[in-house]
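Please look at the sequence and the model before reading on.

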Amino acid sequence: MALAADAEPGPGAAGTFAADAEVGRDLAAVDWAATPLGRPGSWPQSLQTAVDILLSSRFSMWMAWGPELTFFCNAAYRRHTLGRKYPWALGRPASEVWAEIWDDIGPRIDTVLATGKATWDEALLLFLERSGYPEESYHTFSYSPLRDDAGAVVGMLCVVSEDTERVIGERRMATLRDLGSDPSVVRTEAETLEFAGRQLDRNRQDLPFTLTYLFDHDRAIARLAGSTGIAAGHPAAPAMLAAGDPDPVWPVAVLLRGESARDVTAERLAAQRESTLAGFAAALAAAGEISEMLTTAAREIAAAVHASQVTAALWSSGDNPASTGWPRPAPGQGASAAVLGALDVVRHQPAASVVVRPGDQGSSLLAAPLDGTGSSAIAAEFPAGRPVGAEVRDLFSVLTSHLAQVLAKARDYEQARAVALTLQHAILGPTELPHGFAARYTPAVPPLEVGGDWYDVIPLPGQRTGVVAGDCVGRGLPAAAVMGQLRSASQAVLLRAPGPAEALADLDTFASRIPGAECTTVFCAILDPAAGTLTYSCAGHPPPILVTAGADYRLLEAARSLPLAMLPADWRRSQATAVLPPGATLMLYTDGLVERRNQSLDKGIDAEAVTMAEYAQDHPDDVADHVMSAMTPAVGYEDDVAVLIYRHPPAPLTVQVPADDPSSLALLRARLRRWLSAAAIGSREATDIMIAAGEASGNAFEHATAGRPADAAPVQITLTACATHTMVQLTVADTGSWQPPPADREQPAPGTRGHGVIFMHALMNDVTIDPSAHGTTVTMTKDLKP
Amino acid sequence: MISDASPADPARHRPASSSVPAGSSAPVGSPQARFEFLPAGEREPATVRAVGDIDLTNVGQFQAALDQAAATSSAITADLTAVTYCDSATIRALFIAARRARLTIGVAAAGPINEVLLRVSGLDQIATVVTLD
């Protein structure tokens, strides 16, 4: 026999179940070690033989073996009877598999086991729950005993054929026959009604209720003349039906036309499904990103199919999906193992397939894939006792198919958008600006994020910086394409050209070769922060504004010439140099900022300069925000706008205060705070510097007066600060004497003094404390992030 | 238990808070400091809320408010989200408070009590730090 080889110890499972590839695979997947039967390799020959016979047969069969009557079945039984309990049922106790009919079949099985004699039942009525709801079914079956190698009865085999269709068909024929019987006897109307009612009432299984109406002579009204299975006054049993009722409970008008009434439930469901789908599509269209779309879909599906929970899952990498759902899961609470299992099973299935599975605590699950790649799926959970009929399954399938289509489009769109944004940002230029710079950019044509305007800040050899603002003719994508080329070109020419005039001359040549680039306006400058100068040349661009720390302003109007590629052959571009006073603010911009209908450009530039001057000592980021909000027209900008602001390091700060005045520390902080923002120091670095300065002056405040004679001159604290474009240096000097600083820098015991010096070291890049007989000087530096 | 309609908002049920303005003169250009002690409510621990700059001149009042809170409750919160400046003096006051009660410190993400101060001082190891945006 084929099984002999498999009786040896070892895996063996595949061999034992070899008679049926599909059911065999699922049987092999059962954790047999966890059942009383143990591993298949250890099974007695008798069990192996029984399983082989079972799997080989085309008759519908199941069997049970061992102390728990462990359940097996073959492919025919799976198809005809087990339904959605497969493959869950394999390897479970039979009493669990058929819990709902165990009262009927349990005693029969006990009889077989006790007596060793087979049972026989014909067309036994059993209410199975194989499709998620109790279902009338009829089965003819025999239970026969299975014996182990020693001959003891240890199990049973059931061969079964289902008779449901035959039994129900015969019953319906009988009702029709009885209704038409005995036509020879002439009866009164009342007798006829009474006879028909009696016959109809005998078949409650197929006719849960019936209503018989009689039309009046004018056929306008039908009156209820008899009923079975339904209480009088029930909403479905009105005493009168009017033929002219536009929305009748029963379609009497159809009957009057001589047509037979049809069951319109399916049509109504179809219409309902159409409107549900339309609402679903509208809700999805309103959702933006994919995650929002999934949550919306979960909510809509839950409402449409009356599910208690809908869960959608996305697999990006690995086995653990990201899931979302409706109602929204509590934070940290994922989907149940049953739901995740259903999602995992269904995600690799072809589109539009729906899987039905048992969930937790008697609930039922419907699950469907959301794409062909196995990366997403959705599942709906229905509470125990809620039948999940074909119409619910169909609706779920329609909605999830639509969702799958929408998701596929959304994925394509998001990918295209990511490509577009990446390219736009590459065209636009630097996102990280060097210290002292701030920029704002507003393209005129949404949803584009680029336009024809640009700005650029280009580090050059010798600690110099190229500064450029430009404006191509036109708006939108064509202008942006030209802009991208000119911006790259201007970077290249600035790196090579000796000065801005030569750089613009090179750009003239370049622009004459690019369609659409001629007539672009450009302001091109080279900033030398150490020398405090700006050398510039202007190709038809609006003049930048230079505002001093004292709020005086002027326009950089020298070295002006025509836009790119517009110069007559014998013209040369010139350049000029402006001196940047300490703390000066320079603003480059494009004409979109100042150009208004019904207003001259000069007037717009004046308004802009006045706004800037008001904020001459604020942080450049704040200046940029103020300028943008002050200049924005009520209707929004009509053209692209680019703004580039540079703050030159301010003059050093010097503040002297008496150490014995309690308000001195606050005064020092206020002056330093203001100076730091004028020096364009970012808030994090400014906070570090403020605290370090506070620690140094606090030490001076506390100790400067220690041990001094009462008649000595009051101790003074002097704070100085100076900034370059790469660092800030701070000194705090006093005319008193300090406690010696700690010799080592280990942690002081919690709650003791001594954190001050440690903080200074932690917050600043370099700290030196220089005590002398005449006072103490703390010198600290902080490097500025480029 | 005395019958007492439980108010929806426990904060409204609290006794009036005591507020101590700090610093004799308002410093130029910096917010005047203020320290508020809020006794423990039904759900919140005793809280000291500080507003403005804390320095050597007013840290004593901050310390006093923390002492008051620690005397009434074994768990206290120092709400520093509205503090605009502080230094080692403030850190010292918080260390002392953390020895007397279980201390939670609320700080603003972009505020002056940054991660460097908390880590370098070790305060983050003996108190719970909650960062709010």
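Two residues are in contact here when they have heavy atoms within 4.5 Å. The model is predicted, so local features need pLDDT of at least 70 and side-chain atom pairs count only at pLDDT 80 or more, while totals for chains, interfaces and linings use all residues. Residues are numbered from 1 along each chain as its sequence is written, chains are lettered from A and ligands numbered from 1 in the order in which they are written, and side-chain values use heavy atoms, with hydrogens and water left out.

**The interface of chain B and chain A**

Chain A brings 28 residues to the contact and chain B brings 27 residues. The buried area (the accessible area, with a 1.4 Å probe, that two parts lose on being put together, summed over both) is about 2,300 Å² for chain B and chain A, and carbon and sulfur atoms give 61% of this area. On the side of chain B, 24% of the area buried against chain A comes from B:Leu56, B:Tyr85 and B:Val120, more than from any other three residues.

A salt bridge is a side-chain nitrogen of Lys or Arg within 4 Å of a carboxyl oxygen of Asp or Glu. Side chains of opposite charge can pair when their charged atoms come close. Between chain B and chain A there are 3 salt bridges. B:Asp53 and A:Arg673 form a salt bridge, with N to O at 3.3 Å. A polar contact is a pair of N or O atoms within 3.5 Å; within protein, one must be able to donate a hydrogen and the other to accept it, and residues adjacent in sequence count only if both atoms are side-chain atoms. Across the interface, 5 residue pairs are in polar contact, both residues being at pLDDT 80 or more.

Helices (H or I, at least four residues) and strands (E, at least two) are DSSP runs, numbered from the N terminus. In chain B, strand E4 (75–85), helix H2 (88–100) and helix H3 (115–121) each give two or more residues to the side that touches chain A. H2(B) gives the most, with 5 residues. For the classes, Ala, Val, Leu, Ile, Met, Phe, Trp, Tyr, Cys and Pro count as nonpolar, Asp, Glu, Lys and Arg as charged, and the others, Gly among them, as polar. The side of chain B that touches chain A has 13 nonpolar, 9 polar and 5 charged residues.

**Within chain A**

Over all chains, the count is 30 salt bridges. One of them joins A:Asp121 and A:Arg108, whose closest N and O atoms are 2.6 Å apart.

| Residue or bond | Feature | Angle |
|---|---|---|
| A:Tyr86 to A:Pro87 | cis peptide bond | omega about 0° |
| A:Trp326 to A:Pro327 | cis peptide bond | omega near -5° |
| A:Gln463 | positive phi, not a glycine | phi near 60° |

A:Pro87 is in the loop between helix H4 (75–82) and helix H5 (94–97) of chain A. A:Pro327 is in the loop between strand E10 (322–326) and helix H12 (337–346) of chain A. A:Arg219 lies in the loop between strand E6 (210–215) and strand E7 (221–228) of chain A, and A:Gln463 in the loop between strand E15 (453–460) and strand E16 (464–471) of chain A.
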